[in-house]
Amino acid sequence: MSFSKKEIKHLADLSALTFSDEEIASFADEFEVITQFVSQIQNAKIDTTIKYEKTKTIEQLRDDVAKPGFSNEEVLLNAPEKAKGAFKVPIVVE
Amino acid sequence: MKDTTLIQLVNDIKSGKTKAVDAVKYYINNIKEKSYLNAVVEVFDDAIQKAEEIDKKVKNKEPLGRLAGAPIIIKDNMLYKGKKCTCASYFLKDFISPYTATVVDRIIKEDGIILGRANMDEFAMGGSNEKSYYGPCKNAHDSTRVAGGSSGGSACAVAADLCVASLGTDTGGSVRQPSSYNGVFGMKPTYGKNSRYGIVAFASSLDQVGPITKTTMDNALLLSVIAGADEHDDTSLRAPVDNYLSQIKGNINNLKVGYCKQIIEKIKGTPYFSKYKKVLDFLKSQGAHLVEISIENIELALPCYYILAPAEATSNLGRFDGIKYSTRNKDAKNIGQIYNFSRTDGFGKEVKRRIMLGNFVLSSGYFDAYYNKAKALQQNIRESFKTAFSKCDVILFPTTSDVAFIIGSMNKNPIEMYLIDLFTVPANIAGIPAFSLPFDKGENNLPLGLQILANDNNEGIIYNLADFIEKNYKESK
């Protein structure tokens with residue numbers, strides 16, 4: 001399938017990414033090739049009655065015992081900006 | 001010490017023949033001398049001190065772990081408390097691990113030494129190690145060629161004798177393909193065999209940690225150490241872990257070795273095919289039975305992978321927002337701009353491509369046609385493997401059908417690069433174990449890998465066959 005610049009821009013918005021017009025054009029071309037490649041699966045003759053196996057079972061959960069977690073310092077260790085023991089962000093609600 | 005194996009080195013350190021400090025210094029010196037390979041992005045500054053602690057234990061005759069004094073390199077997507085972990089991305093260039101990954105912790109508990117971190121494709125997305133913030137890692141046998149990826153640094157480091165063993169991660173072939181390109185031994189275990197706690201997630205339902213080593217026996221030892229249930233990862237399998245070394249028996253009598261007719265169709269007429277056939281003939285002469293098997297839709301495993309892996313990656317990489325960790329764009333004025341500008345600065349081109357692709361296959365209108373169809377196909381491929389394993393014990397695939405390619409020669413078309421994973425992706429899609437071992441040489445005398453696949457939890461059967469080929473096949477050429 002082919003992609004318009006508008007469709008690529010929409011995917012970029014969903015991805016929280018910004019692209020130049022040139023990059024969007026290049027993505028549109030690449031996406032055409034990649035979706036053509038992955039669309040091969042549309043023709044697969046498969047048994048749809050086979051359901052995905054559930055890998056998790058309830059006994060795989062650990063006992064519900066409280067244990068110490070990370071300290072405030074450890075949690076904030078890699079924060080690009082922090083203040084008063086919290087992550088710092090611009091005002092969200094005015 | 002040159003090219004010593006893990007098992008030999010640990011024995012020498014335990015017996016006092018070699019000092020752990022000397023081993024660490026030997027590898028650090030090799031890393032410096034071969035810095036042009038760009039395999040190791042950081043040597044940890046406390047490695048010598050850790051080695052001294054092991055030597056002290058030896059001197060005091062204290063009990064020693066199974067990896068005593070062995071300098072091991074980890075891929076740059078594994079956390080080791082207090083050390084940097086960057087996933088070879090600008091986005092995480094300053095990230096310090098707040099805790100240690102379970103697999104790394106298990107190495108340390110057995111007295112192994114974490115020597116440093118290895119180059120990789122950014123966020124493990126790539127098959128050549130060319131897509132790294134640190135620049136490409138080069139092939140240990142020919143520095144004009146790629147190391148493979150995404151665990152290129154881990155494989156190159158073992159092949160170039162920069163460490164005695166390493167860890168990589170394998171989502172679609174990222175341990176096995178670089179192992180093949182560098183002529184070393186790499187395992188992608190059964191899904192859930194190893195804990196993923198402390199491993200930066202790419203595609204969580206496909207990712208597995210795997211050992212990369214100089215011999216099959218080394219690999220069996222290292223997997224025995226790192227594998228097993230972990231309360232921090234509820235996808236880790238609860239089944240007890242075998243001592244894989246004890247499953248190496250030295251014979252392959254009555255082993256049923258499968259060859260897949262669809263794979264044979266793919267490689268027929270290539271130079272690889274004659275080498276592959278020679279191995280099959282050899283195994284038959286040694287007591288194995290050859291069985292033709294069929295895996296329906298195996299050629300669709302790769303397009304299936306390029307739907308499922310980006311879908312999971314786009315969700316996993318949603319956490320990189322420039323707030324909790326990762327590099328924040330300084331010009332962002334509001335919260336939306338922090339997310340958008342930081343991600344735009346932070347991620348490289350291939351990562352962005354996969355995030356976009358993931359959002360496409362997950363978006364309404366396409367979800368059923370792509371994601372749901374791919375999940376159903378995945379289960380069908382897994383069932384097909386299960387049926388095949390009712391007829392044989394192992395299946396032989398190529399790892400890659402050719403030797404490592406020249407750096408920069410595959411950058412024009414993303415599909416061309418994706419196709420390199422053709423033979424490795426099926427094991428991830430099916431969740432089964434697969435191992436790559438060097439078995440022959442191709443163009444320019446560069447290494448070629450052979451892949452052994454087996455049913456869930458049958459790593460021991462794989463190691464037994466691999467060890468047999470490693471020790472006996474060379475003589476038969």
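**A strand residue and its surroundings**

Tutor: A:Phe87 is partly exposed, with a relative accessible area of 30%. That value, like the others here, comes from a predicted model. It falls between the 20% under which a residue counts as buried and the 50% over which it counts as exposed. A:Phe87 sits in strand S2 of chain A, which covers residues 86-87. Leaving out residues up to four places away in sequence, A:Phe87 touches A:Val75, A:Leu76, A:Ala79 and A:Glu81 in its own chain, and B:Ile323 and B:Lys324 in chain B. The contacts of A:Phe87 therefore include residues of both chains, by the criterion of heavy atoms within 4.5 Å. A:Glu23 stands 64 residues away along the chain, and its C-alpha atom is 33 Å from that of A:Phe87.

Chain A has three helices and two strands, and from the N terminus they follow in the order α-α-α-β-β. Of its 94 residues, 26% are buried. The accessible surface of chain A is about 7,000 Å², and carbon and sulfur atoms account for 54% of that area.

B:Leu6 belongs to helix H1 of chain B, residues 6-15, and is buried at a relative accessible area of 0%. Apart from neighbours within four places in sequence, B:Leu6 is in contact with B:Leu67, B:Ala70, B:Val164, B:Ala165, B:Asp218, B:Leu221 and B:Leu222. B:Met217 lies 211 residues from B:Leu6 along the chain, yet the two C-alpha atoms are separated by 8.7 Å.

Next comes the backbone of chain B. Most residues other than glycine have a negative phi, and most peptide bonds are trans. B:Ala88 is not a glycine but has a positive phi of about 50°. This alanine lies in the loop between strand S2 (71-75) and helix H4 (102-109) of chain B, where it is buried, with a relative accessible area of 1%. B:Ala124 likewise has a positive phi, about 65°, without being a glycine. B:Ala124 is located in the loop between S3 and H5 of chain B and counts as buried at 4% relative accessibility. The peptide bond from B:Gly149 to B:Ser150 is cis, with omega near 10°. B:Ser150 is in the loop that joins strand S3 (113-118) to helix H5 (152-159) of chain B.

Rolling a probe the size of a water molecule over the atoms shows where empty space is left. Two cavities of 30 Å³ or more are found in the structure.

The largest cavity contains about 100 Å³ of space. Its lining consists of 15 residues, and those nearest the centre are B:Gly126, B:Gly127, B:Tyr306, B:Arg354 and B:Asp421. Helix H10 (301-316) and helix H14 (414-418) of chain B each contribute at least two residues to this lining. By class the lining has six nonpolar residues, seven polar and two charged.

The cysteines remain. The number of disulfides over all chains is zero. A disulfide needs two cysteine sulfur atoms within 2.5 Å.

Technical notes. Residues are numbered from 1 along each chain as its sequence is written. Chains are lettered from A and ligands numbered from 1 in the order in which they are written. This is a predicted model: local features need pLDDT of at least 70, side-chain atom pairs count only at pLDDT 80 or more; totals for chains, interfaces and linings use all residues. Side-chain values use heavy atoms; hydrogens and water are left out. On a 1 Å grid over the protein atoms alone, a cavity is a set of points where a 1.4 Å probe fits but cannot get out, and a pocket is an open set with protein on both sides within 12 Å along at least five of seven lines; lining residues have an atom within 4 Å of a point. Grid points are joined across faces, edges and corners, and a volume is the space filled by probe spheres set on the points. Helices (H or I, at least four residues) and strands (E, at least two) are DSSP runs, numbered from the N terminus. Ala, Val, Leu, Ile, Met, Phe, Trp, Tyr, Cys and Pro count as nonpolar, Asp, Glu, Lys and Arg as charged, and the others, Gly among them, as polar. Buried means under 20% relative accessible area, exposed over 50%, partly exposed in between (1.4 Å probe, protein chains only). Accessible areas come from the Shrake-Rupley method with a 1.4 Å probe; for residues, only the protein chains shown count as cover.
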